[in-house]
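Open the model in your viewer and keep the selection panel at hand. We will go stop by stop.

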Amino acid sequence: MSTTGDWSPENPILAYLQTLAATKKTLPYGQPVVAHVSVNHIGSASLLRLAADIGPYIAILQIPADVIDDWSSDTIEQLQYLSRKHKFLLWEGSKILNPLVNFMGRADAPLETRQVLTDMIKKSYTSGPLRTATWSNLATSWAPAAPIDQQENDTLIPTLRLAAREAVATTSKIIQTEISVEMNNYSSGEELEIITPSTQTSNGWKEFSQNNTGSVLRKLSTISVTTESVTPHAPIHADDGVPMPPLLARSIVLCLPIIIETAFVPEFRQSTIVAACANSDFVIGFITSEPFFVNHRGNDIFELALFDANGNPQPGVSAAKLDTTPYLHEQRKSLGVFSLVSPILGLDFEFDPTVKPDRSAPSDSNSETPYTAQYLYHMIRQALALREKNRQEREATGSRKEPPVGPKIMHIPVVIVS
């Protein structure tokens with residue numbers, strides 16, 4: 001389906017991606033592109049230069065923080081500054097929070113062992129050198145592997161949800177303190193209005209409200225006279241019609257196994273989909289190595305795993321079990337599918353130094369379009385052309401005559417950038 005339909009996602013990050021697709025005019029062909037940083041960038045300086053160059057043209061920057069040699073709090077602050085300046089989200093992409101597949105959702109697993117693993121997973125999300133939950137909008141995990149009709153056995157997603165909430169609350173308090181000190185030292189005499197966080201969302205998690213970037217983060221750019229382009233406190237002007245990213249929002253992306261040639265049983269794939277549907281306020285969707293963005297449209301992901309085109313259960317899926325998971329049929333549900341655009345599509349790319357930036361791009365009109373930006377446009381153009389070709393072939397065969405089943409899907413391309 002289109003990335004800008006008449007639906008409003010429950011997940012604040014997915015809702016922001018939908019807004020970006022409609023308002024950020026420099027996104028390649030209106031697609032909310034994820035730029036996956038390659039391991040060629042192993043230093044903070046190189047990473048930040050790339051983020052500054054590519055920021056105007058992406059929706060999410062996926063960062064392999066674990067391989068950055070000099071990763072530090074300063075690196076995080078500068079990434080957050082660039083995120084606000086260029087309106088993109090951050091995704092720590094080098095760590096899988098739950099490396100133990102097919103355990104956290106099993107009712108027969110020893111409770112004591114599950115508690116030990118729960119604590120380890122929580123700390124891997126909030127502590128250590130990366131402290132992912134304190135700064136990254138998105139993190140990645142395998143699903144808990146609970147049976148599709150026994151999601152109450154899951155201890156993984158509730159653990160990560162609580163960890164995210166605690167990390168956001170702590171981060172907010174720390175920044176509030178820092179900003180209070182800086183405001184006390186502010187001598188211009190200008191009266192600054194402090195905007196309090198928005199009211200609670202329907203799920204009671206005010207930290208995850210789409211509009212809640214915190215009073216501190218919204219006012220951060222107005223209290224400094226520093227003008228360096230990469231400093232975290234440089235002035236930011238939000239007059240381009242694109243809203244600021246929800247820096248305090250947190251979501252989990254679940255890894256979705258491929259259908260064929262995989263060690264995963266079909267039940268695990270089905271459990272992954274149901275787990276996301278059951279927690280769509282916190283689980284934004286899936287990341288997959290299958291080229292859904294290229295080869296599929298709409299809600300094929302549900303038809304291939306759970307239903308056929310007529311909404312009937314796939315062979316091996318119990319209709320009774322599906323009846324106990326009504327959120328699969330709720331049209332108000334929506335999820336994202338992050339799919340890698342094959343690097344093969346970029347083999348014929350050639351950089352053209354004569355190409356100038358788009359007029360709406362926040363960059364020097366006399367400069368050339370960055371190499372990475374041209375590469376993104378090339379990759380998305382190729383992927384869209386291939387997807388359209390496949391769509392026409394599918395329509396010619398008469399497939400999908402019935403309305404799609406399951407939650408609405410937003411397809412989000414992932415491009416590896418060097």
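Select strands β5 and β6 (residues 283-288) in this predicted model. The two strands run parallel, joined by 5 bridges.

Now turn to β4. This strand pairs with β5 in the parallel sense, over 4 bridges. Show Ser 141 here; opposite Ser 141 stands Leu 254 in β5.

Stay on β5, residues 251-256, and show the side chains. How many of its residues are buried? The count is 6 of 6. Side chains in a regular strand alternate between the two faces of the sheet. In β5, Ser 251, Val 253 and Cys 255 point one way. Ile 252, Leu 254 and Leu 256 point the other way. Both sets are buried.

Next, select Ala 145, in the loop between β4 (138-141) and α5 (156-184). Is Ala 145 buried or exposed? Ala 145 counts as buried because its relative accessible area is 11%, and the cut-off for buried is under 20%. Check its backbone too: phi is near 70°, a positive value in a residue other than glycine. The C-alpha atoms of Ala 145 and Gln 270 are separated by 9.0 Å, although the two residues are 125 apart along the chain.

Compare Tyr 29. This residue sits in the loop between α1 (12-23) and β1 (34-37). Phi of Tyr 29 is near 55°, again a positive value in a residue other than glycine. Tyr 29 is partly exposed, with a relative accessible area of 42%.

Now colour the aromatic rings. The structure holds 8 aromatic pairs. Start with Trp 91 and Phe 338, an edge-to-face pair with 5.0 Å centre to centre and 65° between the planes. Trp 91 lies in strand β3 (residues 89-96) and Phe 338 in strand β7 (residues 334-340), so this pair ties together parts that are 247 residues apart in sequence. Trp 91 and Phe 338 are both buried.

Move on to Trp 142 and Phe 268. Their ring centres are 6.1 Å apart and their planes are at 55°, so this pair is tilted. The pair links distant parts of the chain, 126 residues apart: Trp 142 is in the loop between β4 and α5, and Phe 268 is in helix α7 (residues 266-278). Both residues are buried.

For the last stop, select Phe 349, Phe 351, Tyr 371 and Tyr 375. Together they form one aromatic cluster.

Definitions and conventions: Residues are numbered from 1 along each chain as its sequence is written. This is a predicted model: local features need pLDDT of at least 70, side-chain atom pairs count only at pLDDT 80 or more; totals for chains, interfaces and linings use all residues. Side-chain values use heavy atoms; hydrogens and water are left out. Buried means under 20% relative accessible area, exposed over 50%, partly exposed in between (1.4 Å probe, protein chains only). Two strands pair if DSSP finds at least two bridges between them. Rings of Phe, Tyr and Trp (its six-membered ring) pair if their centres lie within 6.5 Å; planes under 30 degrees apart count as stacked, over 60 as edge-to-face and the rest as tilted.
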